[in-house]
Amino acid sequence: MKQIKKQLLKAAVLCLVMAGITAVSARAGAEEGDFVINNGILESYSGSDNEVIIPENVEEIGKKAFHKNKTIQKVTISGNVKKIGNYAFSECALKEVVIMKGTREIGRESFSGCRKLTRITIPGSVEKIGSSVFSDCAIKKLVIPEGVTTMGRWALSGLGKLQSIQLPRSLKKIPKNAFEADTSLKKVVIPKGCTTIGDRAFWYCPKLKEVIIPEGVKKIGEGAFKDTAVKKITIPKSVSVLGNKYGVFTFSETPQSITEITILNPGLKVKNIFGGIPLQKPVTIKGYKNSTADKFASYINKNQAKFKKPAKFVTL
């Protein structure tokens, strides 16, 4: 009789253990079932968790996989994910994003419209950042790591709260409209190694007061610093092409701020640097005697009916 009771007790314990294992398996299965993954591509997510860790077997987060998800607040993306697809997390309730080392590409508008997103970690493995990636996000400080070589048009535009940006030397070209309408940005240091500042790259950054352009930059595009708060700037000798059709330092939506320009290339064409519109304040142009900068100052003073305010030339 005692033997039978022992066997019954063992059987009961075994049943309880198996029930527990089944329950755990069911919960794990439910979590895994929130993800639709095909051939390594995470196509969609149907869960309601506030924090999500992308599974290790995912190699790519597909287009609109988390689009308009209103519950997810933090996501950790494993290093096995090589690409974050276009619109992957657009218009989500995200507050924080952690991308682990291994990811190489962040697709177009992948985090656009995440109005609560304030923190993001981008690893050095990333090589390409698409267009309008963080538009309308609440990020205040952003570090683009060494290794990034390509950014799409409007890549970091529309970041109304961005105050500080660190760019890598690996980035050779700042694309068109890259920082357009970053209305809180105050200072920009163009990295050594950069050769091109694209058209309207910093257009309508009305709080941008300081821009440092290093020797090595060869081209500054049309309207690159239009409607900014830059008062003084030095254009290095290496610059051989300057946007002269619509002007680099023109202004229309904000008052004129630029009052002093130093031009170190004596042959640089600068005739239309202000876009040909009347000046609101006198300007000081520094350069070499008989240079194009010297001639441009004289041109302004000879055409006061057009420019309205004088230019003072200071010989270097």
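The mean pLDDT of the protein is 91, and 90% of its residues reach 70 or more, where pLDDT is the predictor's confidence in each residue, from 0 to 100. This is a predicted model, in which local features need pLDDT of at least 70 and side-chain atom pairs count only at pLDDT 80 or more, while totals for chains, interfaces and linings use all residues. Residues are numbered from 1 along each chain as its sequence is written, and side-chain values use heavy atoms, with hydrogens and water left out.

**Confidence**

- Over residues 12-30 pLDDT stays under 50, and the model has 0 contacts there beyond four places in sequence; contact means heavy atoms within 4.5 Å.
- Where pLDDT is low, the predicted coordinates should not be read in detail.

**Overall fold and dimensions**

- The protein has 3 helices and 23 strands, counted as DSSP runs numbered from the N terminus (helices: H or I, at least four residues; strands: E, at least two).
- The C-alpha trace spans about 120 × 30 × 25 Å along its principal axes.
- The radius of gyration is 28 Å, whereas a compact globule of 316 residues would have a value near 20 Å; the radius is taken over C-alpha atoms, and the globule rule is 2.2 Å times the number of residues to the power 0.38.
- Of the contacts between residues at least 6 apart in sequence, 33% join residues at least 24 apart.

**Surface and charge**

- Of the 316 residues, 48% count as buried (buried: under 20% relative accessible area; exposed: over 50%; partly exposed: in between; 1.4 Å probe, protein chains only).
- The accessible surface comes to about 16000 Å², and 52% of it belongs to carbon and sulfur atoms; areas come from the Shrake-Rupley method with a 1.4 Å probe, and for residues only the protein chains shown count as cover.
- There are 52 positive and 26 negative side chains, and the centres of the two sets lie 7 Å apart. Lys and Arg count as positive and Asp and Glu as negative, without His and the chain ends; the charge is placed at NZ of Lys, CZ of Arg, CG of Asp or CD of Glu.

**Individual loop residues**

- Ser-135, in the loop between β10 (128-129) and β11 (141-143), is buried, with a relative accessible area of 13%.
- Not counting residues up to four places away in sequence, Ser-135 touches Ser-112, Gly-113, Ser-157 and Gly-158.
- Lys-64 is not a glycine, yet has a positive phi of about 60°. Lys-64 sits in the loop between β4 (60-61) and β5 (74-77) and is partly exposed at 41% relative accessible area.
- Asn-290, also not a glycine, has a positive phi of about 65°. Asn-290 belongs to the loop between β22 (283-287) and α2 (292-302) and counts as exposed at 60% relative accessibility.
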